[in-house]
Amino acid sequence: MPSRLAVLASGRGSNLQAIIEHFDNLARERVAKVVLVASNRADSPALVRAATASIDIAHFNSADDGSELVGLLKAFRIDLVVLAGYLKRIPPKVIREYSGRILNIHPALLPAFGGEGMYGARVHEAVIASGARESGVTVHLVDDEYDRGPIVAQWRMPVNPSDTAESLASRVLNIEHVVYPRAVEMVAILQQLESKRTD
Ligand code: GRF
């Protein structure tokens with residue numbers, strides 16, 4: 001049985017799209033499938049992408065203690081939660097219930113250029129301002145500190161002398177679309193092996 005993925009997204013949803021397409025392309029070989037896309041923003045373009053792909057969508061209140069989100073994830077029997085441009089803090093209650101089962105992607109090489117408030121253009125502006133010669137993509141497990149959970153995958157790429165925050169953001173995003181679906185796949189496989197071992 002494929003692992004059941006929930007993707008949480010607040011924004012444009014290009015990583016969501018890459019994940020949906022990756023598992024669709026694997027067809028019968030797929031180890032996971034997106035069964036729910038949920039957002040704290042009812043107008044998130046990610047919800048439109050999900051609806052277009054005939055995936056269930058939900059809008060939840062991100063101002064509570066996480067009870068609504070936990071209820072939603074349980075109702076959909078979610079195995080793995082994938083944050084894809086979800087900007088709110090995940091409440092401790094959700095982290096406790098889904099410990100080791102929540103993934104995030106960050107558009108830089110953590111632990112550098114991460115932490116509260118480091119998202120979107122700010123990340124790439126900080127990388128350029130620092131004079132760093134490399135940037136990249138980090139996929140990590142989510143714990144109760146912003147961008148600090150164990151790193152699952154990283155991909156490095158050069159920062160070109162001519163790069164602006166915009167050009168760097170766009171090259172990093174292209175890498176995210178390759179790395180994130182594969183990292184999700186790898187974690188789903190490990191999770192399935194682990195649950196067979198403990199059965
Ligand atoms: C990505 O750059 C990701 O690294 C960060 O938020 C952005 C989401 O983009 N966490 P999209 O909504 O997937 O297009």
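User: In this predicted model, which residue forms a salt bridge with Glu-134, and how far apart are the closest N and O atoms?

Analyst: A salt bridge is read from the gap between a side-chain nitrogen of Lys or Arg and a carboxyl oxygen of Asp or Glu. Here the partner of Glu-134 is Arg-156, and the closest N and O atoms of the two are 3.0 Å apart. The pair links distant parts of the chain, with Arg-156 in strand β7 (residues 151–158) and Glu-134 in strand β6, 22 residues apart. Glu-134 itself is partly exposed, at a relative accessible area of 39%.

User: How many salt bridges does a search of the whole structure find, and which helices hold Lys-74 and Glu-97?

Analyst: The search of the whole structure finds six. One of them joins Lys-74 to Glu-97, whose closest N and O atoms are 2.8 Å apart; Lys-74 belongs to helix α3 and Glu-97 to helix α4, 23 residues apart, and this pair too links distant parts of the chain. Lys-74 is partly exposed with a relative accessible area of 44%, and Glu-97 is partly exposed at 36%. Another salt bridge is formed by Arg-171 with Asp-163, at 2.2 Å between the closest N and O atoms; in this pair Arg-171 counts as partly exposed at 25%, whereas Asp-163 is buried at 9%.

User: What do I look for in a helix such as α5, and which of its residues are buried?

Analyst: For helix α5 (residues 121–130) the buried residues are Val-123, His-124 and Val-127. Seen down the axis of α5, these fall within an arc of 90 degrees, so they line one face of the helix. The buried residues of α5 pack against β5 (102–106), β6 (134–141) and α6 (165–198), and just after the helix Gly-131 takes a positive phi of about 80 degrees.

User: What does His-124 touch, leaving out residues up to four places away in sequence?

Analyst: His-124, which is buried with a relative accessible area of 4%, touches Pro-107, Ala-165, Leu-168, Ala-169 and Val-172.

User: How should I read an aromatic pair, and where do the rings of Phe-60 and Tyr-86 lie?

Analyst: One reads the distance between ring centres together with the angle between the planes, where an angle under 30 degrees would count as stacked and one over 60 as edge-to-face. A search of the whole structure finds one aromatic pair: the centres of Phe-60 and Tyr-86 are 6.0 Å apart and their planes stand at 35 degrees, so the pair is tilted. Phe-60 lies in the loop between β3 (56–59) and α3 (67–75), while Tyr-86 lies in the loop between β4 (80–83) and α4 (92–97), so the pair ties together parts that are 26 residues apart in sequence. Both residues are buried.

User: How many residues does the largest nonpolar core have, and which have the most contacts inside it?

Analyst: A nonpolar core is traced by following side-chain contacts among buried residues of nonpolar type. The largest has 35 residues, and Tyr-180 and Val-184 are those with the most contacts inside it; its largest share, eight residues, comes from α6. Apart from this core lies another, of 21 residues, including Ile-78, Leu-83, Tyr-86 and Ile-102.

Note on methods:
Residues are numbered from 1 along each chain as its sequence is written. This is a predicted model: local features need pLDDT of at least 70, side-chain atom pairs count only at pLDDT 80 or more; totals for chains, interfaces and linings use all residues. Side-chain values use heavy atoms; hydrogens and water are left out. Buried means under 20% relative accessible area, exposed over 50%, partly exposed in between (1.4 Å probe, protein chains only). Helices (H or I, at least four residues) and strands (E, at least two) are DSSP runs, numbered from the N terminus. The arc is that of the directions from the helix axis to the C-beta atoms. Contact means heavy atoms within 4.5 Å. Rings of Phe, Tyr and Trp (its six-membered ring) pair if their centres lie within 6.5 Å; planes under 30 degrees apart count as stacked, over 60 as edge-to-face and the rest as tilted. A nonpolar core is a set of buried Ala, Val, Leu, Ile, Met, Phe, Trp, Tyr and Cys residues joined through side-chain atoms within 4.5 Å. A salt bridge is a side-chain nitrogen of Lys or Arg within 4 Å of a carboxyl oxygen of Asp or Glu.
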